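Biologist: Before we discuss the assignments, please show me the sequence and the structure.

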Amino acid sequence: KRNGRAHDVTVDEHGKLISDEEVIPLSEAPEAVRAAIEKEHPGGKVEKFERIKEGNKVSYEALISSKGKREEIKFDNKGKVLEREDKTHDKDKD
């Protein structure tokens, strides 16, 4: 944790930071990302939201539940879907 927020960091064998996944409130996401989440799952509940920094790239990942389905979707900062994963039957919420 840093500044009260959970971080999941990945480093290489030399200690260089590869990625930093920070749990943030949805309100801190760019408007384009918030709009894309609503478009993908209208009225869905965002269970977890992360900002991912990999080098100089920033992306966002949302775990969304709606209509009995849970899906993890990764977006770029303009709201474009980069990847998605069905988490409906996963036991944990991560």
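Biologist: Why is Lys 67 called exposed?

Modeller: The relative accessibility of Lys 67 is 78%. A residue is buried under 20% relative accessible area, exposed over 50% and partly exposed in between, with a 1.4 Å probe and protein chains only. Lys 67 therefore counts as exposed. This is a predicted model, in which local features need pLDDT of at least 70 and side-chain atom pairs count only at pLDDT 80 or more, while totals for chains, interfaces and linings use all residues. Residues are numbered from 1 along each chain as its sequence is written, and side-chain values use heavy atoms, with hydrogens and water left out.

Biologist: What is the phi of Lys 67, and where is Lys 67 placed?

Modeller: Phi is near 50°, a positive value in a residue other than glycine. Lys 67 is in the loop between E4 and strand E5 (69-76); strands (E, at least two residues) and helices (H or I, at least four) are DSSP runs, numbered from the N terminus.

Biologist: What makes the pair of Phe 49 and Tyr 60 stacked?

Modeller: Rings of Phe, Tyr and Trp (its six-membered ring) pair if their centres lie within 6.5 Å; planes under 30 degrees apart count as stacked, over 60 as edge-to-face and the rest as tilted. One aromatic pair is counted by this rule. The ring centres of Phe 49 and Tyr 60 are 5.8 Å apart and the planes lie at 10°, so the pair is stacked. Because Phe 49 belongs to strand E3 (residues 45-54) and Tyr 60 to strand E4 (residues 57-66), the pair ties together parts that are 11 residues apart in sequence. Both Phe 49 and Tyr 60 are buried.
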